[in-house]
Structures are given as structure tokens and as C-alpha cells.
Amino acid sequence: MSAPLFLLAPPRSYTSLVNAMLGQHPQAFGLPELCLFNVERLVDLWVGVEGENAERGAMARHGLMRAVAEIYGGEQSAATVNMARAWASAREDWDTGRVFQEIVARLHPLVAVEKSPSYAIAVPRMRGLLKAFPDARFLHLIRHPVAQCKSVMAINDGAFTMKVNAFEIDEDYAIMEPQIAWHDVNLNILEFLEEVPPAQQLRMRGEDIMADPRTHLAAIARWAGLRDDDEAIEEMMHPERSPFACFGPITALFGNDPNFLSGPTFRPHKPKIPPLDTDLPWRKDGRRLYPQVVELANEFGYV
Amino acid sequence: MSDDALHATPDAAAVAEAPKPRRERLSPAPVDPVTGRPDPSLLKPHQAALRQAVVDAFNAKKARKFLQKQVHHISANRELADGIKFLFDEHGRPPGNVPLEDIIEERRMVEYHVMWIEGVLSEMRHRLIKIREVEDYALDMLARSEHEND
């Protein structure tokens, strides 16, 4: 079984695009967001766990349904999604690591590439990845805190910050503060990666991949033990060719960021990287990044 | 660019070479050791109250926006709701793998499930009424018999 490659990052960190790009490598298979390690048993994706409502649970299943439909049914249609439900039902008591292992074995010799940003919100979830796949590789994707936070606050009114309890609370006020989420989720990833052998981990800034994709994708391919010839790199420049780079059937529409699903084509560009002492668009009081956030961003190469 | 050169830049460094000072998380909610997630139930009471006020305001805003969308949807004479516009391309066509037949079939299936669940609910409510009557009658008899024994 080929060890999978996992992307670890807070949401809105270029993960959808980079996952689809790497998945287009001729020796790889890019999966949608399976969210399997959010829970211990497969059935928990249906019955839900504490604090998670049914709607979000349904959305969390779309990626798995689409993946199973595509891999085992050869297409994504209402009929193959029905088949995927039956496939899942037959494995409902399985440990989710075992479910993932079966999918990875089915894809062999292709290397499975997956990113579910929800893994990085808790260290035990990431430990589940390593437990199921001791040889897995982990790519830690970084995005500038101001750009990432601005993007988080623009999606669903910043609901992600509540999900990870990123509140700034003082004596007489509380506000949602996305830089806390950026800091704490990246800290979760760093803490987890301390348990991973150095050769199995790599850190890269999303902005650098966007600005010079061929160089950086080739570097990731070499690190992952994949070909880095021109043909392979050219394939990776076309994430829109992924079978998951579009909306799914009516019974499993998503499995990824809707913005990516509606416009998956990659357009090379050099993202503007703001200084770390800039005004924060989501704060009306003129406050700036916390010193701890600046320190971590410095460590990631931002100034 | 060689691998060595790439890894030498701060933007793509091997993590093992990075310094690893122990840092504290910034979320005011302490981390639950089992789930590894911040647990708001462990906040101090005044913090929990302030946090809950933000959550309530967020939910109220969401509900208000949802209602506004619904009103817009109705007043626009069945115009496509903004919430699902992103599914369609610039010509208003649905995604390639979402044929109209599937949408209709799914709608019928959901309607069938709703009818079925409503039927089961109706049946259970009916049974509940009967059982309550039996229960009330039995308790009444019991009370009467105890009264007579006294």
C-alpha cells in the first residue's frame, strides 16, 4: 500500500487548490475532503458527535460519498452515490482508520492525497492519521495570517472562529478573533509534527506555490518520492481536470470548498503579502496582530 | 532550483530544523485533553457569558439573513435564491453531473420520506393519546381503590 500524503493547514490556506494539483500527478490520486478522522467510527459521520449539528454532518459526508462513488463505481452519479451509501453501511462499525486504509489500498499504486482542514483543529485527529499510516507524509501549508484571517471572516460570517473557540474575551467584551484560530491551529500542527519523523514532513508557504508553482510542486514531488519530470509537473498545473473539481451529484454536491468547486482552474499569480504590522480589516478598534502571532509568522518566513 | 536551495529558504524549510519553543494557545477556552479541542464549558462564568452573547448575536444575524433571503426569494417570483446561485454557470445551467432527472427524483424521494415520517409521527401521537387515557384511567382507579380501603 502506498503511503498517503496529507495536507495540514488551517482553512483558507490554498489547500483545495494544492490538493487538487498534487492529486493530478500521474502517480497520485487527489481525494476530496473525507473528514474520516474527525470521528472514530464510520457510523459517527452519520449519527454525529457532540456539538455538531446534522447539516454539517451531511456536508462532511459528501467528500467520502463522492470518493467511493468515483473509485468503486467509476463515476459520480446519484446511482453510484447510493452505492457509496451501501458501501458505508456495510462498514459502519469500522474504525475510520481502517476505512481510509481500504480506500488507499484500492488506489495503490497511486499515492492518495487528502486534506480535510478539520483534522488540524485537534491534535488527536492528526494522531489518528499517523496511527493509521505510520509512513504517511505531511505537508504543512502556511498562509499569511492577515490574508488567511480576512478570508476566514468572509466565509459564513467567520463561523470557523467559533468552531475553534477563537474569541478575544476581556472584562467587558468578547469578539470573534480569527488570528487566534490561525495561531492555535498552526500550533496544533507543529505540536503534532513533533511526533512525525523529519523525512515525512515538509512545510511550505502557499503564496510561494502560487507564485512559482512549477519549482515548488517539483520539490514536493521529489520529497514525496514521485516523478518530477516536465510531463508530471504539467499535469499538476491542471487541477480543474480532477474528477472532484466540480460539484457532485445532487445527493453529494460538495466535498470541498464551494468557491474551488465553482472555479477550480489555476491561474499563476503572485499573491500580495502584506506586512505583519498592517491594520486588520476585521477589527474596527485599530488593534493589530498579537505578538505571539507575529512571532509565529516570522518563523514561517513572513516579515 | 535544487532541493537544498529550496529547503534553505524560510518559506520551505524542513520542519525538523525549525526551533521548537513551547508556546501557549491563545484561545481563552482550555483544551479538553480527550478531544484536543478548546472546551468552552471550562471558561470562567463571566467569560462564558460574554462568549455566549457573541454566539447568540452570530446566530441571530444568521437567522435574520436567512429570513431576508427567503423573503427575497418569494418576492422575486420564484427567482433562484442567492444561496444556490453559485451552483449554476453564467448561463444558468446546472453542473454537468447534476441532471434535472436526478434533482426531480431526489425531490420526490425527500417528499416521500417526509410523508412517511409524518405518517409515523401521526400514528405515534395517536398511540400516545390512547396510552395516556389508559394511564389516567388506571391511576384514577388506583386512587379510588386506596380511598375505599381507607
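This is a predicted model: local features need pLDDT of at least 70, side-chain atom pairs count only at pLDDT 80 or more; totals for chains, interfaces and linings use all residues.
## Ground rules

Residues are numbered from 1 along each chain as its sequence is written, with chains lettered from A and ligands numbered from 1 in the order in which they are written.

## Two helix pairs in chain A

Start with α6 (residues 123–132) and α9 (residues 178–193) of chain A, whose axes come within 9 Å and cross at roughly 40°. Helices are DSSP runs of H or I with at least four residues, strands are runs of E with at least two, and both are numbered from the N terminus. The axes are lines fitted to C-alpha atoms, for helices over the stretch in contact, and angles run from 0 to 180 degrees between N-to-C directions. That angle is why α6(A) and α9(A) are oblique to each other. On the α6(A) side you'll find A:V123, A:M126 and A:R127, which meet A:N188, A:E191 and A:F192 of α9(A). By class, that contact has 3 nonpolar, 1 polar and 2 charged residues (Ala, Val, Leu, Ile, Met, Phe, Trp, Tyr, Cys and Pro are nonpolar, Asp, Glu, Lys and Arg charged, and the others, Gly among them, polar).

Now for α7(A), whose axis comes within 9 Å of that of α9(A), with a crossing angle of roughly 120°. These two are therefore oblique as well, and α7(A) passes α9(A) in a right-handed crossing. A:P145, A:Q148, A:C149, A:V152 and A:M153 of α7(A) make the contact with A:P178, A:Q179, A:A181 and A:W182 of α9(A). The tally for the contact of α7(A) with α9(A) is 7 nonpolar and 2 polar residues, with no charged ones.

## The inside of the model

Several residues of α6(A) are buried: A:V123, A:R125, A:M126, A:G128 and A:L129. Buried is a matter of counting (20 or more other C-beta atoms within 10 Å of a residue's own; 12 or fewer is exposed, in between is partly exposed, and C-beta atoms are placed from the backbone). The buried residues of α6(A) pack against β1, α5 and α9 of chain A.

The largest nonpolar core has 96 residues, and A:L8, A:L139 and A:I220 touch the most other members. Its largest share, 7 residues, comes from α9(A). A core like this is a set of buried Ala, Val, Leu, Ile, Met, Phe, Trp, Tyr and Cys residues joined through C-beta atoms within 7 Å. Beyond its neighbours within four places in sequence, A:L8 is in contact with A:Y119, A:A120, A:M126, A:F138, A:L139, A:H140 and A:I189.

Two non-glycine residues have a positive phi. A:Y14, with phi near 70°, sits in the loop between β1 (5–8) and α1 (15–23) of chain A. With 24 other C-beta atoms within 10 Å, A:Y14 is buried. A:N156 has a phi of about 55° and belongs to the loop between α7 (145–154) and α8 (159–163) of chain A. A:N156 is exposed, with 12 other C-beta atoms within 10 Å.

There's also a cis peptide bond, from A:H108 to A:P109, with omega near 10°. A:P109 is in the loop between α5 (96–107) and β3 (111–114) of chain A.

Chain B has 4 helices and 0 strands, and its elements run α-α-α-α from the N terminus on. Of its 150 residues, 9% count as buried.

The contact between the chains takes 42 residues from chain B and 48 residues from chain A (two residues are in contact if their C-beta atoms, placed from the backbone, lie within 7 Å). On the side of chain B that touches chain A, α1 (3–8), α2 (45–75) and α4 (100–149) each supply at least two residues. Of these, α2(B) gives the most, with 9 residues. That side of chain B divides into 24 nonpolar, 6 polar and 12 charged residues.

Notes. Angles under 35 degrees count as roughly parallel, over 145 as roughly antiparallel, 65 to 115 as roughly perpendicular and the rest as oblique. A crossing is left-handed if the near helix is turned anticlockwise from the far one by less than a right angle, and right-handed if clockwise.
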